[in-house]
Amino acid sequence: MTATKVSARESAQTGLVTVAKGRLQQLLAFASLIVISAFFSVASPYFFSYDNFTAILFSTVVIGTLAIGTTFVIIAGGIDLSIGTGMALCAVMSGVFLVDIGLPLALGVPAAILFGGLIGLVNGFNVAVLKIPPFIATLAMMLVAQGLALVLSDSAPIYFTDVAGYTDISTGNLLPGVRFPNAVLVLLGAALVAAVLLTKTVLGRYTYSIGSNEEATALSGINVRRWKIAIYAFAGLFIGLAGVMISARLGSAQPATGMGYELQAIAAVVIGGTSLSGGKGSIVGTLIGALIISVLNNGLQIMSIPQEWQNVILGCVILVAVYTDMIRKKET
Amino acid sequence: MLTTTSTAAGATRSPVPLLEVEGVHKSFPGVRALTDMRLDLYEGEVLALVGENGAGKSTLMKLLSGIHDADAGRFRLAGEPFAPDGPRAALASGISIIHQELNLMPHLTVAQNVFIGREPRRWRVLLDERELNARTRKLIDSLGLPLDPTAVVGDLTVAHQQMVEIARALSYDAKVLIMDEPTAALNDAEVATLHDLIRRYVRTGTGVIYISHRMDEIRAISDRVTVIRDGEYVDTVDSATTTTDEIIARMVGRTLAADARPRDVRPDRETVLRVRGLCTRSLLKDVSFDLRQGEILGFAGLMGAGRTEVARALVGADRSTAGEVTLRGERARVRNPADAVRLGIGYLSEDRKRYGLLLDQTVRANITLGALRQRFATAGFVRDRAARAEAAGYVETLRIKTPSPEQRTKNLSGGNQQKVVIAKWLVRDCDILIFDEPTRGIDVGAKEEIYQLLTELAGQGKSIIMISSELPEVLRLAHRVVVMSEGRVTRTLDAAEATQETIMHYATLRPDENPADAAELGLEPPAPQADEEPRKAGEP
């Protein structure tokens, strides 16, 4: 499993989180991932195959990317509801840059990602400077982003048919000789960068410490306002990346989509053991959480269980994941 | 002067006290809060209850309102044994308590607040707003209060809010009314109105226990004064025939006084921090003091005197509205805690868990937090090895008892947590340390260690502001003591002048009674270089 590569890498580090406990939650999430996968392998002959595994990974890319960014925000004690429609807006912006303006790929794609950072920057400003509660500030941004996506695209999809190489970002095969979609590489790369930032840098440390105790952090002489803006802005880059990835996969920017992705991403973060009250969590956990969601969707689909029931089951998984996490916390 | 006197009114009173407290003991884990407490309150009487912070007043109130159970001893209400099992039961038996912090719902009306939990209803489910207002009107009129039942409480002045509390307390037909610092937020005219109300109220055959620190008020309103100290009953005296100083002498006792004091008074040292005319919107008025190098400057005063507010304003946690802070001769501008830390001022809050520590994080993370970017990071990447080594060093030098620097801070004892906070500021090279209640929540043995540490730090040239409500602690450690009352500095005492009595005297002074001059405040005459252009403080 590809996730273990990152897991092993990260668990070798000693982060700000107490290592043993952080690992335990990851182990729990990882164990459930294995159990669920094992269950589907037995239940359906089509589940356990290389093609299906890459399909699962491929379908994790968008939610996973959003979840990685929002992990930062949630560890810092915030929440970001604007990531879903923000992603749609970034997809549209990618269309504007590449199709309407005609920028080359090497310029247009980074511009779209940076535009996500801009969304995060505005969120961060609203939360840290204007002191609007994150839930409200990002709820407002969720509506703004959706509206802007429709306005900028005249409510019509933008097609990337003429942009050479754009869909390759998602569906191409960079690795020679194997059928392994680029999108998964992008996700893993993003996860790696995020994990290193979260555990190895000052930004990451302050993310944890603001989430643990914002007031104490401020009184320690840390400019919490500035760092919070930085955290939201950084998380915003992942909104932009997700926007590029989803439009590259579809070959078009769909301005009316995006709503609902934020909840899936938050669910992935929570299943991965990140506390919604802030102060703890990990990128590996989030990645596993996102994979659990994908595996469930994929497995249930293979077993021909209707879409409606898939959501019921996903909801139950979230309850179980959070509840076991709470029990574990009480015991220690 | 042990007296069991008649009331000031001189009226014959029933031999059975309205409320009798006898031999009450109460311990909490590690603390003996009350030992053999007694008290009696007669009909028609106002009994003042006085004692220093932590003398046991609030514990006694909690026992009376049934929030805690006494370990031993008896309460009697009009001769009958009385053991409330909760605030509701206490109210039902006729004991109403008005706590120092108002317990009102600001968005509800006066009437809704007064009858909260007992709203008149129609058909069991519908609220009868008209009846509610009518009843409140009647109550308010009978008390002669200038209130409108339909006014929203949040819009009222604090004095009127206080009256709503009183109306609520009395609406329970209380026989005994206990008021905890009822005048803390009132001006003189309002205090007079309140006292008038109390006098009229006790004439109806009830009794009031009046808890206060303000000696002038106590003498004005009370018939007798019961003094408690360190959880023990000390004495009950007649208000009319006892002087304020006699009461204060009983409050502070004479134990502990002069045995340990700072040996080396250091008047000749350089002034590192000069504060002039510091004001905040809420409380502080014209606070001025000097802090010298290597000095422990004690800040004494009663709860709410504004000591913590001085600290918070100094480090930029709260905004100051006026005042000038000079750091080593240079004008310092502190707009937020980050500025303060850059200038080398570290603040150790009395509420370590809330403002000082990341409890879920490791000892190492806490110690290195403040200096992470400056000392333990290269190009944004944290150098964990350096951080670990530094943390381990401080664990050793400050004698922090922890199995390892990787231990979570919440598993440490209070004293060791405090040392972690101290280490955090030392790592950041702060040479002005502001300790707010440095030994709060720390057990006796560990207190001694913190005292030693403070003395050592001062010996190494750190300048320390120590805010403390424990006078023995102040007397023992502080080279000089700044005494505050109601947001102002009333006096700065040298170690030689500082005694429990003098400190309590200035702490209970209403500041306008005796405006202190610069010499009394222990201030240096303005230095010539103070006039030079305000320079931008702080390193890049």
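1. A residue counts as buried when its relative accessible area is under 20%. This model is predicted. In chain A, 56% of the 332 residues are buried.

2. Chain A is built with 14 helices and two strands. Take its contacts with a separation of 6 or more: 78% of them join residues 24 or more positions apart. The accessible surface of chain A is about 13,400 Å². Carbon and sulfur atoms hold 70% of that surface.

3. The largest nonpolar core has 162 residues. Those with the most contacts inside it include Phe72(A) and Tyr166(A) from chain A, and Ile367(B), Leu433(B) and Ile464(B) from chain B.

4. Which residues does Ile464(B) touch, leaving aside neighbours within four places in sequence? Among them are Leu291(B), Glu295(B), Ile296(B) and Leu297(B). Leu433(B), Phe435(B) and Leu454(B) are also in contact with Ile464(B). Another core lies apart from the largest one and has 36 residues, including Leu145(B), Ala151(B), Ala174(B) and Val208(B).

5. Helices H5 (105-128), H10 (214-219) and H11 (224-250) of chain A each give two or more residues. So do helix H9 (307-314), strand S16 (320-327) and helix H10 (337-342) of chain B. The largest share, six residues, comes from S16(B).

6. What classes of residue line the second largest pocket? The lining has 23 nonpolar, eight polar and 12 charged residues.

Notes. Residues are numbered from 1 along each chain as its sequence is written. Chains are lettered from A and ligands numbered from 1 in the order in which they are written. This is a predicted model: local features need pLDDT of at least 70, side-chain atom pairs count only at pLDDT 80 or more; totals for chains, interfaces and linings use all residues. Side-chain values use heavy atoms; hydrogens and water are left out. Helices (H or I, at least four residues) and strands (E, at least two) are DSSP runs, numbered from the N terminus. Buried means under 20% relative accessible area, exposed over 50%, partly exposed in between (1.4 Å probe, protein chains only). Contact means heavy atoms within 4.5 Å. Accessible areas come from the Shrake-Rupley method with a 1.4 Å probe; for residues, only the protein chains shown count as cover. Ala, Val, Leu, Ile, Met, Phe, Trp, Tyr, Cys and Pro count as nonpolar, Asp, Glu, Lys and Arg as charged, and the others, Gly among them, as polar. A nonpolar core is a set of buried Ala, Val, Leu, Ile, Met, Phe, Trp, Tyr and Cys residues joined through side-chain atoms within 4.5 Å.
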